[in-house]
Amino acid sequence: MEQKDSPMEQYLNENLLPDETVKWTGRPTNIKLMEKPMSNFVILRWVISALLLVFTVWYWTFALAHGFEISLPVTLTVILVLVAAWVAVSPLISNRRAQSKCLYAITNKRALILYKTIPIITRVRELDTVTDSSYDTLSTGCGNIYVGAKTKNAPGKARDMAFVSDMPDDELPLIFFSVEDPASVFALLNAREARHEDEEGSMIA
């Protein structure tokens, strides 16, 4: 039985430019939470979780010292602990969500990231404007593809770009985070660039 395209793949195919064809699609996969460099996304949430737990301990100490009714500290403690636990595990949940709610694509004209939001949000780089690209291999064997010049803070932002659809990225390359067979994806980008250079050379000749 022929496998149906996902809603994001359908959206991509329905919104191609004239004479544009899809060469590759992929998703974040095999995401390792502790992969270095650590993401600001993960660190910030763990800091928030720790602060909530510290505040809980302080509040209990303050409440007991001032003779508050026990029901109020208990209620607030339960709320704070639940919030802290949710914040702490949210990176794990986000890892799972990214694998189903983020789609990467390379066409003969563009590189794209699509987010499964309502409506679908798309980040785009016109390949004709891309003068540099590179990739990193992660400890899992997957890799990050940088469509554009790899800036100093790009590796630390790679995970964030997969999770946060509205993250500002004006000073970043387009990043495909934790994709399988990064060397082949990178070769596909280079092959497109080489074909484009050949076409320009033929036009000049």
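From the N terminus on, the protein chain runs α-β-α-α-β-β-β-β-β-α-β-α.

A word on the basis. This is a predicted model, in which local features need pLDDT of at least 70 and side-chain atom pairs count only at pLDDT 80 or more, while totals for chains, interfaces and linings use all residues. Residues are numbered from 1 along each chain as its sequence is written, and side-chain values use heavy atoms, with hydrogens and water left out.

Some totals for the chain. Of the 205 residues, 40% are buried; buried means under 20% relative accessible area, exposed means over 50%, and partly exposed is in between, with a 1.4 Å probe and protein chains only. The accessible surface comes to about 12,000 Å², and carbon and sulfur atoms hold 60% of that surface. These areas come from the Shrake-Rupley method with a 1.4 Å probe, and for residues only the protein chains shown count as cover. As for contacts (heavy atoms within 4.5 Å), take those with a separation of 6 or more: 65% of them join residues 24 or more positions apart.

Now the aromatic rings. The whole structure has four aromatic pairs. The rule takes rings of Phe, Tyr and Trp, the last by its six-membered ring, with centres within 6.5 Å; planes under 30 degrees apart are stacked, over 60 edge-to-face, and the rest tilted. Y104 and F176 make a stacked pair, because their ring centres are 4.7 Å apart and their planes are at 25°. Y104 sits in strand β2 (residues 102-107) and F176 in strand β7 (residues 174-179), so this pair ties together parts 72 residues apart in sequence. Both Y104 and F176 are buried. Ring pairs also bring in W24, which forms a cluster with Y104 and F176.

Next, salt bridges, meaning a side-chain nitrogen of Lys or Arg within 4 Å of a carboxyl oxygen of Asp or Glu. How many are there by this rule? The count is two.

One joins E20 to R110, with the closest N and O atoms 2.9 Å apart. E20 is in the loop between α1 (7-14) and β1 (22-26), and R110 is in strand β3 (residues 110-115), so to speak a link between distant parts of the chain, 90 residues apart. Are these two residues buried or exposed? E20 is buried at 6% relative accessibility, and R110 is buried with a relative accessible area of 10%.

The other joins D136 to K150, the closest N and O atoms being 2.9 Å apart. D136 lies in strand β5 (residues 133-137) and K150 in the loop between β6 (143-147) and α4 (154-163), so the pair ties together parts 14 residues apart in sequence. D136 is partly exposed at 22% relative accessibility, and K150 is partly exposed at 38%.

Last, a sheet. Three strands form an open, antiparallel sheet in the order β5-β6-β7, where pairing requires at least two DSSP bridges between two strands. β5 and β7 are at the edges with a single partner strand each, so one side of each has no neighbour in the sheet. β6 and β7 pair over four bridges, and G143 has V179 in β7 as its bridge partner. Helix α4 packs on this sheet and touches β5, β6 and β7; its direction makes about 80° with that of β7. For such angles, axes are lines fitted to C-alpha atoms, for helices over the stretch in contact, and the angles run from 0 to 180 degrees between N-to-C directions.

Terms used: Helices (H or I, at least four residues) and strands (E, at least two) are DSSP runs, numbered from the N terminus.
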